[in-house]
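Subject: The two-chain model, handed over

Hi,

Here is the structure I promised you. Have a look at it first, and then read on for what I found in it.

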Amino acid sequence: MEDNPADVELTLHALGKHNLANHMRVLRDGAEALEYLFGDEERGVSPAAIPPRLILLDLKLPKVNGIEVLGRVKSDPRTKSIPVVVLTSSREDQDLHMCYELSVNSYIVKPVDFGNFTEAVRQLGLYWLLLNERPHGKAQS
Amino acid sequence: MGKHSLSLERPVWRYLLAVGLAVLAQLTFIPFEDPSSSPLILYAPFIVASAILGGLGPGFTTMGLCLLGAIYFLVEPIGSLTIAQPMDRDRLAVLAVTGVVASVMAEHGRRNRERLAQANRKMTALLESISDGFNAFDREWRYTYVNTAGAKMLGTKPEHLVGRNLWELWPLASQSPFGAAYRRAMADNVPIQVEAFYGEPLNAWFEVRCYPSAEGLSLFYSDVTKSRRAQEQSRLLAAIVEGSDDAIISKDLKGIIRSWNQGAERIYGYSAAEMIGQPVARVIPADHVDELEEIMQYIQLGRTIEHMETERLTKDGRRIFVSVTISPLRDEEGAIVGASSIGRDITGRKRAESALKQSELRYRSLVRATSQIVWTTNSRGEVVEDLPAWREFTGQSPENAQGWGRFEALHPDDRGRTADAWSRAVINHSLYETEYRLRGRDGEYRWMAVHGVPVPDEQGNVQEWVGTCADIHDRVMAEEEVRKLNQTLERRVVERTAELQAANKELEAFAYSVSHDLRAPLRAISGFSRILLEEHAPNLNPEAQRYLRIVTDNAVQMGNLIDGLLTFSRLGRQALTTRTVDPSDMARLAISDLAPEQQGREVEIRIGDLPACQADPLLLRQVYFNLLSNALKYTRRRTSACIDVGAFLYRGLDGQSDACRNGAPRGLAPEDPVYYVRDNGAGFDMRYAGKLFGVFQRLHRADEYEGTGVGLATVRRIITRHGGHVWGEGALDQGATFYFILPANGQAAEQLSEEAESSEAARSGERV
């Protein structure tokens with residue numbers, strides 16, 4: 001979930017470079033993100049059939065901000081076990097604390113340097129998507 | 001001895017008696033019928049009687065007459081004075097011889113008797129004439145003789161005593177020293193003298209001399225009560241004189257000392273032996289010698305000099321003050337023979353008086369000299385003396401100021417509380433301190449600072465009060481002015497603080513947005529430039545590639561700048577959590593954080609003995625990180641980098657290196673630890689030392705040493721937030737040292753330091 005197209009592209013680029021960008025879904029704001037994850041009964045939208053294996057979350061999202069999204073994800077039994085990596089420009093302690101309070105799995109400050117950025121994205125992609133084992137059954141429920 | 005014997009002392013009577021006896025003898029022979037046969041010897045008794053009674057002359061007279069009578073009347077021829085018969089001649093001769101012998105013998109006896117009587121009369125006259133008492137006792141202790149004086153001493157008459165028994169008359173005598181002495185004198189036959197007191201009914205002292213004799217005992221005695229009493233009296237007087245602390249001296253009219261008591265010894269230092277017989281002038285100072293003559297003149301007039309205060313000289317040469325009373329001494333006839341003087345050492349009193357006078361004088365001078373109003377009251381807090389200074393200021397009349405009237409001159413608003421304060425002080429004997437407005441002559445009130453103290457007497461009771469009123473009007477007005485200004489200032493500070501806080505809030509919001517919004521485009525610039533370079537390089541000529549690299553580098557640099565700025569701004573907002581920290585631990589952690597920087601270099605980092613401090617551990621670690629990072633950076637061109645992390649105790653300006661002279665804060669106290677990080681790197685020019693700690697301030701070009709210019713600014717921000725101080729010292733190419741101190745109580749000065757920081761930040765606006 002990222003509103004900045006440049007960051008989206010760079011992230012996808014970085015993941016793609018390491019063949020990790022196969023099934024990426026980009027959501028542009030917090031509301032969209034929540035709708036995707038939990039559906040919207042009023043508008044007759046149902047939650048995503050297959051829950052994501054990893055959420056990369058920017059904090060400064062329009063409409064509903066990243067912290068709120070994280071809170072919803074981590075408090076809902078359906079999505080609780082999805083690893084969430086906060087990928088943000090904010091190095092503010094207050095944000096960091098809040099995220100860990102809400103059981104974020106990783107908190108990564110986006111480096112300005114593209115090399116570093118690519119490397120960071122690659123590592124977290126590798127780790128969370130390929131190395132990290134998570135309970136499959138629970139995610140389905 | 002009777003009257004009869006006394007009458008015969010005259011001769012005429014004796015001879016008349018002799019004639020009478022002769023006639024009587026003649027008549028005895030008339031009865032005889034035959035006178036011639038009458039026994040002539042019968043005349044003899046008459047002759048003897050006459051001789052015995054009248055002596056030799058009358059004896060012979062009687063004898064002659066008897067012989068003539070016998071011849072005429074009894075011898076033949078009767079009626080004539082012739083003797084016819086020899087027998088008669090013999091008879092008459094026998095008679096004559098008998099008469100002569102009897103007369104001679106009688107005369108002798110008579111003379112003896114007369115001598116004895118004479119002696120007795122003399123003795124009695126003697127005993128009666130003496131003033132001593134005289135008693136004679138026989139061996140059975142009966143009074144045989146008491147003279148009149150003796151009887152008088154015993155309170156009786158001689159006739160009441162004579163014949164009476166001593167022990168019966170004087171029952172106490174038996175047990176007294178007198179009885180013992182009498183018995184011993186009698187028994188041992190020795191004269192004894194005794195002096196003792198005899199109680200009731202005489203109650204007197206007697207001196208008795210006992211003389212034993214064959215007949216018994218004779219006593220001479222006298223009543224010594226008076227002299228005894230006198231002796232006691234004089235002993236008592238002597239004791240008083242000796243025991244006196246005063247110098248009691250007697251001298252004759254020439255001024256020669258006759259007596260010198262212990263008091264005199266003490267006061268003058270001379271012993272009695274040294275002074276008796278010496279002129280009294282010895283103790284009189286040369287400039288007082290005239291006194292002596294004057295005194296003696298007075299004395300000779302029979303006058304007494306009382307309590308004369310003068311000076312005298314002691315043995316050791318000290319001058320002392322004495323008070324002397326001198327009286328004339330008279331002999332028994334009342335003639336003045338000398339003088340007695342009683343002197344008291346009053347040097348102490350004189351000194352005290354002089355000190356008192358001095359003190360009084362000083363007090364008076366002070367009162368005159370001071371610009372303050374001096375006032376006095378009695379112990380009850382009432383003004384009783386005239387207070388000229390008070391009147392001068394207030395214009396009150398002396399009567400108006402009396403008692404508590406002076407409070408009338410106070411500002412009406414101050415009267416009540418002043419009267420209360422004054423009453424409290426007077427009751428509690430406590431210090432009186434207050435301030436009030438006092439009305440001057442011109443009706444203007446002026447503020448006075450008032451102080452009063454109780455003056456105690458020797459017993460500690462308050463004797464009076466002394467106090468002052470100091471004019472503090474100008475000061476009070478100035479203070480009022482200052483207070484008003486302060487109020488204004490405080491209000492303005494509050495306003496400014498609010499403005500500053502608002503500005504800070506804005507800055508925070510700005511920083512937050514910088515953190516997000518400025519970094520995102522940078523990331524895009526950097527990211528896509530890199531993608532171009534990495535994936536589309538073949539389509540770009542070398543010039544374009546170089547430009548792209550410059551774009552990338554600058555984007556990265558700007559990212560760093562933003563990061564530094566964010567760190568810096570975050571420090572201003574973060575709460576401090578100070579605790580006791582070992583700075584060397586923080587330094588070690590920082591060094592390990594900086595391990596990459598040391599890679600491939602020869603770097604020696606020495607960590608000295610660092611005293612513990614009160615600090616936020618994370619921030620202190622940041623300080624060491626920044627300082628060490630700087631040190632590593634600027635020693636990069638040294639083949640062997642040398643970095644010292646240390647501390648020393650501040651010893652005061654004299655004991656320190658130049659470092660502390662250049663930049664040490666004024667408040668630095670001895671024994672405060674000063675921490676430092678020293679390197680042997682590029683150093684800096686001290687001329688620009690003031691710019692070291694400014695944000696984005698750099699003393700080196702970016703192509704020499706990269707950097708953002710926030711590292712030292714961050715260090716200073718952390719240190720000042722702790723209430724500490726940081727300063728640097730260095731020289732170009734000779735290394736740099738950064739010192740910092742942290743107060744013992746880190747948080748106390750936080751607010752203060754923020755103000756200091758903002759002012760410093762305001763000053764360092766210039767860029768290099």
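A word on terms before the tour: a helix here is a DSSP run (H or I) of at least four residues and a strand is a run (E) of at least two, both numbered from the N terminus. Please also keep in mind that this is a predicted model.

Chain A first. On that count it has six helices and three strands, and their order along the sequence is α-α-β-α-β-α-β-α-α. Of its 141 residues, 35% are buried. If you take the contacts in chain A between residues at least 6 apart in sequence, 61% of them link residues at least 24 apart.

How far can you trust chain A? Its average pLDDT is 78, and 91% of the residues reach at least 70. Where pLDDT is low, the predicted coordinates should not be read in detail.

Now chain B. It comes with 25 helices and 21 strands, and 29% of its 768 residues are buried. For contacts in chain B with a separation of 6 or more, 55% are between residues 24 or more positions apart.

Where do the chains meet? In the model, 17 residues of chain A are in contact with 17 residues of chain B. On the chain B side, α18 (473-535) and α19 (542-573) each put in at least two residues. The biggest giver there is α18(B), with twelve residues. Sorted by class, the side of chain B that touches chain A is made of eight nonpolar, five polar and four charged residues.

In soluble globular proteins, nonpolar side chains tend to be buried together. The largest nonpolar core in this model has 49 residues, and B:Tyr624 and B:Leu628 have the most contacts inside it. Helix α22 (residues 617-634) of chain B is the main contributor to this core, with ten residues. Setting aside neighbours within four places in sequence, B:Tyr624 is in contact with B:Met586, B:Ala587 and B:Ala590. There is also a second, separate core of 30 residues, and A:Ala14, A:Leu54, A:Leu57 and A:Val85 are among its members.

B:Met586, B:Ala587 and B:Ala590 are buried residues of helix α20 (residues 583-593) of chain B, along with B:Pro583 and B:Ile591. Looking down the axis of α20(B), you find its buried residues within an arc of 140°, so they line one face of the helix. What do the buried residues of α20(B) pack against? The list is β15 (579-581), β16 (603-607), β17 (613-615), α22, β18 (641-649) and β19 (673-679) of chain B.

A few local spots in chain B are worth a click:

- B:Lys251 has B:Ile257 in β7(B) as its bridge partner. Four residues sit between the strands of this hairpin, and B:Gly255 has a positive phi near 85°.
- B:Asn203: this residue is in the loop between β3 (192-198) and β4 (204-212) of chain B. Its phi is near 50°, which is positive although the residue is not glycine. B:Asn203 counts as exposed because it has 9 C-beta neighbours inside 10 Å, and the cut-off for exposed is 12 or fewer.
- B:Asp733: you will find this one in the loop between β20 (725-730) and β21 (736-741) of chain B. Its phi is positive too, near 65°, again in a residue other than glycine. With 12 other C-beta atoms within 10 Å, B:Asp733 is exposed.
- B:Thr434: this residue belongs to strand β12 (residues 432-439) of chain B. Its 17 C-beta neighbours inside 10 Å make B:Thr434 partly exposed. Not counting residues up to four places away in sequence, B:Thr434 touches B:Thr418, B:Ala421 and B:Val450. From B:Thr434 to B:Trp422 is twelve residues in sequence and 8.8 Å in space, C-alpha to C-alpha.

Cheers

Note on methods. Residues numbered from 1 in each chain as written. Chains lettered and ligands numbered in written order. Predicted model: local features only at pLDDT ≥ 70, side-chain atom pairs only at ≥ 80, totals over all residues. pLDDT = per-residue confidence, 0-100. Contact = placed C-beta atoms within 7 Å. Nonpolar A, V, L, I, M, F, W, Y, C, P; charged D, E, K, R; others polar. Buried ≥ 20, exposed ≤ 12 C-beta atoms within 10 Å, placed from the backbone. Core = buried A, V, L, I, M, F, W, Y, C linked by C-beta atoms within 7 Å. Arc of directions from axis to C-beta. Pairing = 2+ DSSP bridges.
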